[in-house]
Amino acid sequence: MSAAVAGQSAPLVSSLGYVGVTAVDLAAWETFGTNVLGLQVSESTTGRLLLRADERAWRVSVRPGDGSAEFIGWEVDEPAKLASLVTALEGVGADVLRDPVLAKERGVAELVRVTDPAGIQLEFFYGPELPETPFTSPNGATFVTGGLGLGHVVLVVPDMQAAEHFYLDVLGFLESDRVRTPRFDVLFTHCNPRHHSLAMMPSKSGLEVGLHHFMMEVDDLDTVGHALDRVLDGAAQLNSSIGKHINDLMVSFYCQTPSKCEVEYGVGGITIDDATWQPTVHTIENVWGHRRMPGAPPDGM
Ligand SMILES: [Fe+2]
């Protein structure tokens with residue numbers, strides 16, 4: 001599985017906190033985020049777009065750039081956990097930076113950042129700002145977040161062994177399962193009962209290293225269906241048709257964001273209990289659906 005070192009016995013992070021991407025066209029992201037996904041604009045300037053999905057001040061950040069992902073934020077429960085995390089990262093020689101200026105910018109009590117083996121900026125934080133105004137989705141979406149976090153991220157990594165060592169042995173992510181098919185070799189991991197908050201797959205032809213997609217879960221199939229209708233009506237490029245994954249049983253579709261990454265938008269993902277969960281290897285990807293659309297970039301589960 002992963003390198004034979006003394007690993008964490010439990011995840012040091014509690015959930016996926018936020019994602020930050022860049023885009024050439026922030027206005028396009030604002031339209032996409034509100035109209036397709038049902039996110040609420042929290043801040044919109046020429047330099048930054050922040051989108052809300054729940055009681056948090058924001059969950060998605062978009063800044064001007066070439067469309068690459070900018071950062072991934074992982075939440076920890078308490079200051080002591082952040083200290084343990086710093087110790088674990090420094091123990092493997094990672095260059096961990098405490099960044100109070102960035103913490104203020106992100107609206108969190110404390111934050112450290114580090115670059116993962118794939119070159120992605122990770123931010124670990126606790127104490128997110130909670131605005132007094134309630135979340136109101138422009139199209140009535142209710143996102144499944146809370147203790148399960150924002151959703152999940154799927155990374156394309158140049159070196160699976162290095163990524164597995166970093167995320168499982170050092171940060172304590174727990175293996176959920178793997179999907180190994182002629183097209184895929186994906187490792188799914190969790191840090192809370194959500195089936196996976198992080199998955200990773202090796203880079204291959206046409207698949208750029210970095211954030212392949214992030215997933216947001218809503219509480220109602222109709223919300224997914226309405227979003228899919230808007231995509232099919234031209235609001236975004238549909239990359240994978242609606243389908244049901246073999247492992248987390250999420251019913252979802254994938255569409256292109258105005259950045260390089262995709263969004264998986266779904267409903268009904270399972271939660272798992274470490275007391276009884278047994279990691280397995282699946283040899284098919286889907287119960288049904290998730291057909292890749294003509295013209296879509298290479299896919300990742
Ligand atoms: Fe996914």
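**Entry 1: strand E13 and its partners**

I started at Phe214, whose bridge partner in E16 is Val263. E13 (residues 210–218) and strand E16 (residues 262–267) run parallel, joined by six bridges. I count two strands as paired if DSSP finds at least two bridges between them.

Buried stands for 20 or more other C-beta atoms within 10 Å of a residue's own, exposed for 12 or fewer, and partly exposed for what lies in between, with C-beta atoms placed from the backbone.

**Entry 2: a note on the model**

I am looking at a predicted model, where local features need pLDDT of at least 70 and side-chain atom pairs count only at pLDDT 80 or more, while totals for chains, interfaces and linings use all residues. Residues are numbered from 1 along each chain as its sequence is written.

**Entry 3: the eight-stranded sheet**

Next I traced an open sheet of eight strands, with mixed pairing and the order E2-E3-E4-E1-E5-E8-E7-E6. Which strands stand at the edges? They are E2 (40–44) and E6 (97–98); each has a single partner strand, so one side of each is left without a neighbour in the sheet.

Helix H2 (residues 79–91) packs on this sheet and touches strand E7 (108–115) and E8. The direction of H2 makes about 15° with that of E7. For such angles, axes are lines fitted to C-alpha atoms (for helices over the stretch in contact), and the angle runs from 0 to 180 degrees between N-to-C directions.

I then followed E5 (residues 69–75), which pairs with E8 (residues 121–128) in the parallel sense over four bridges. Glu75 stands opposite Phe125 in E8.

E1 was my next stop, and nine of its nine residues are buried. Its antiparallel pairing with E5 has six bridges, and Tyr18 has Gly73 of E5 as its bridge partner. Five bridges join E1 to E4, and these two run parallel. Here I found Val21 opposite Val62 in E4.

**Entry 4: helix H1**

Which residues of H1 (residues 26–36) are buried? I found Leu26, Trp29, Phe32, Gly33 and Val36. They cover an arc of only 130° around the axis, which puts them on the same side of H1. That arc is the one of the directions from the helix axis to the C-beta atoms. A handy reminder: an α-helix has 3.6 residues a turn, so residues three or four places apart point the same way.

I looked up what covers these buried residues, and the list includes E1 (15–23), E3 (49–52), E4 (60–64), helix H5 (221–235) and strand E15 (251–256). Contact here requires C-beta atoms, placed from the backbone, to lie within 7 Å. Just after H1, Gly38 takes a positive phi of about 85°.

**Entry 5: the whole chain**

To finish, I stepped back to the protein chain, which has five helices and 18 strands. Of its 301 residues, 45% count as buried. Among contacts between residues at least 6 apart in sequence, 69% join residues at least 24 apart. The C-alpha atoms fill a box of roughly 50 × 45 × 35 Å, taken along the principal axes.

Key: Two residues are in contact if their C-beta atoms, placed from the backbone, lie within 7 Å.
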